[in-house]
Amino acid sequence: MFENLRDLAIIIAVAEVFALLARKIKLPQVVGQILAGLLIGPCLLGWADNNDYIRIFAEVGVVLLMFSAGLETNLKTLIKTGPIALLMASLGVIVPMVLGTLLALAFWGKAAFGSTEFYRALFIGVIMTATSVGITVQTLKELGKLKTELGTTIVSAAIIDDVIGIIVLTVVVGISGGSSSGVGEILLKTLLFFVASGVLGFGMYKIFSFLDKRYTHTRRIPILSVALCFALAYVAEKYFGIADITGAYVAGVILCNIKDADYVDRRVSISSYMFFGPVFFASIGLKTDISNMTWALMAFSLSFVGVAIISKIIGCGLAAKITGHTWKESLICGVGMMTRGEVALIVTQKGLDVGLITAEQFTPVIMLIIFSSVLVPVLLKILFNEKKRGRDIKTAEISDKD
């Protein structure tokens, strides 16, 4: 217990120092927090450990971050960008899965369709499909672009991407003989979740609107809002098999149009910014351990990282271009979908449980999370700064919240 408190103190202090240093050199603060975790983790200094205690706080951090993203969503823009986000998410799953499978086959040798070796290669592609929106959301918030059309499109696409990724995971594990749940069951649960969210959301919106008028700018509104966030996060994962961050985001969307939405967001962001957020971002660096690295594994890991990053840019960027965005905006969409995180780890763990991958293949996934987590904030900052010098229509903030 005492060691856990020591680890928390080290993580928060070092993450804050590195966040300030990152801001001094014009980088998003999340980059500094991730590098702080890398420095104090088992990979380098070994001052802190990514134990269950830290993982719980990190999970709370990403849930609150997604809830905040939902609160800052413009509902009209979300509806407008829905079809674009669906296409982006679909191509953002298909292209990485195909290229990832081809990469694995190139390293491990050709395999007959339907063989165990083929399914193992296919699962490498499945791992690449996952998108982690937490880092992108925080970066967009820092850049003031979360409420823009591009920002909303990226967040919406990442949420849909997670849902499609879960379906693909179920299909692949199921046909390889490792799943007890049928494909139809997961599809039905996914549909039921969004139907239930719509019905529940309307009722919750009415209740919170009433409470908001009666108790404007009081602490009970943020407290009850956070309770709704965690409740939906729990229900999404426990009963519908959908990532908890999706439930948290939906909770935020439900409340984004109440009068005190900005007030709730500010209150939630205090604890997220000061404590839970830094722990979550630092925990990404804490997961890294390269003590068992071999040259063959290093070659595969670097190839895995390269293909995973490029495939998201190609798939999501192509979808954005097809739907009428400029090349620059398409590149921003592709870069925004590059990040991998907790969903990729969940998918990888599932593959390990059913014997589709080995324990050493966690290393490429961790490297991908680190590389993408550092690259995405830097690239988004560069791309958005370049847009400021020229024509900037679709990234203009939409201020009306109906």
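Which residues line the largest cavity? In this predicted model, local features need pLDDT of at least 70 and side-chain atom pairs count only at pLDDT 80 or more, whereas totals for chains, interfaces and linings use all residues. Residues are numbered from 1 along each chain as its sequence is written, and side-chain values use heavy atoms, with hydrogens and water left out.

The lining of the largest cavity consists of Ala69, Glu72, Thr73, Leu146, Thr152, Val155 and Tyr249. A cavity is a set of points on a 1 Å grid over the protein atoms alone where a 1.4 Å probe fits but cannot get out, and lining residues have an atom within 4 Å of a point. Grid points are joined across faces, edges and corners, and a volume is the space filled by probe spheres set on the points. One cavity of 30 Å³ or more is counted, and the largest cavity holds about 40 Å³ of space. Its lining comprises four nonpolar, two polar and one charged residue (nonpolar: Ala, Val, Leu, Ile, Met, Phe, Trp, Tyr, Cys and Pro; charged: Asp, Glu, Lys and Arg; polar: the others, Gly among them).

Three salt bridges are found in the whole structure (a side-chain nitrogen of Lys or Arg within 4 Å of a carboxyl oxygen of Asp or Glu). In one of them, lysine 312 pairs with aspartate 161 at 2.7 Å, N to O. Lysine 312 belongs to helix H12 and aspartate 161 to helix H7 (residues 149-175), so this pair ties together parts that are 151 residues apart in sequence. Helices are DSSP runs (H or I, at least four residues) numbered from the N terminus. Both lysine 312 and aspartate 161 are buried (buried, under 20% relative accessible area; exposed, over 50%; partly exposed, in between; 1.4 Å probe, protein chains only).

Aspartate 52 and arginine 55 form another salt bridge, with the closest N and O atoms 2.3 Å apart. These two residues are three residues apart in helix H3 (residues 52-71) and are therefore separated by about one helical turn. Aspartate 52 is exposed, at 53% relative accessible area, while arginine 55 is partly exposed at 39%. Arginine 6 bridges to aspartate 7, where the closest N and O atoms are 3.0 Å apart. Here arginine 6 is partly exposed, with 45% relative accessibility, and aspartate 7 is buried, with 3%.

Methods
1 Å grid on protein atoms, 1.4 Å probe; cavity = no way out; pocket = protein on both sides within 12 Å on 5 of 7 lines; lining within 4 Å.
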